[in-house]
Amino acid sequence: MTNRSEELAGRILACVESIPTGRVMTYGDVAEYAGASTPRIVGRVLALDDGSVPWHRVLRADGSLAEHLYTEQRQRLLSEGVRFNGNRVDLAAHRWDGAVPPQ
């Protein structure tokens with residue numbers, strides 16, 4: 001991994017780490033926030049991570065969950081108070097824009 005790749009991965013992980021409990025971002029949101037060229041990079045970085053960040057708070061653009069992690073991701077989000085419309089997270093209610101939460 002090059003220094004640029006490591007820096008980008010660090011920014012992606014820092015962004016995901018900063019998502020408050022009960023809030024979510026899409027892969028595209030994280031990519032934009034971290035300066036990644038595509039949401040796929042975010043997915044790759046999270047797949048290679050050891051679970052040190054709240055990966056379950058990152059969703060597809062339509063609010064759906066990762067198919068291979070669906071049950072665990074849904075349980076974690078529900079335990080944080082995240083509401084669903086069918087099988088998708090209510091993005092209007094829970095999407096985080098990356099702003100610093102009020103203290």
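This is a predicted model: local features need pLDDT of at least 70, side-chain atom pairs count only at pLDDT 80 or more; totals for chains, interfaces and linings use all residues.
Let's start inside. As a rule, nonpolar side chains in soluble globular proteins tend to be buried together. Here, the largest nonpolar core has 18 residues, and the ones touching the most other members are I12, V16, V30, V42, L46 and V58. Helices α1 (3-18), α2 (27-34) and α3 each put in at least two residues, with α1 giving the most, five. There's also a second, separate core of eight residues, with L65, L77, F84 and V89 among them.

Skipping its neighbours within four places in sequence, V58 is in contact with V16, I19, M25, T26, Y27, V30, V42, L46 and Q73.

Now hop over to I41, which sits in helix α3. Setting aside residues up to four places away in sequence, I41 touches L8, I12 and A36. As for L91, that residue is 50 places from I41 in sequence and 22 Å away in space, going C-alpha to C-alpha.

The largest pocket comes in at about 220 Å³. Around it you'll find Y27, G43, L46, A47, W55, V58, R60, A66, E67, H68, L69 and Q73. Helix α3 (residues 39-48) supplies the largest share of that lining, three residues. Sorted by class, the lining has seven nonpolar, three polar and two charged residues.

Definitions and conventions
Residues are numbered from 1 along each chain as its sequence is written. Side-chain values use heavy atoms; hydrogens and water are left out. On a 1 Å grid over the protein atoms alone, a cavity is a set of points where a 1.4 Å probe fits but cannot get out, and a pocket is an open set with protein on both sides within 12 Å along at least five of seven lines; lining residues have an atom within 4 Å of a point. Grid points are joined across faces, edges and corners, and a volume is the space filled by probe spheres set on the points. Helices (H or I, at least four residues) and strands (E, at least two) are DSSP runs, numbered from the N terminus. Ala, Val, Leu, Ile, Met, Phe, Trp, Tyr, Cys and Pro count as nonpolar, Asp, Glu, Lys and Arg as charged, and the others, Gly among them, as polar. Contact means heavy atoms within 4.5 Å. A nonpolar core is a set of buried Ala, Val, Leu, Ile, Met, Phe, Trp, Tyr and Cys residues joined through side-chain atoms within 4.5 Å. Buried means under 20% relative accessible area, exposed over 50%, partly exposed in between (1.4 Å probe, protein chains only).
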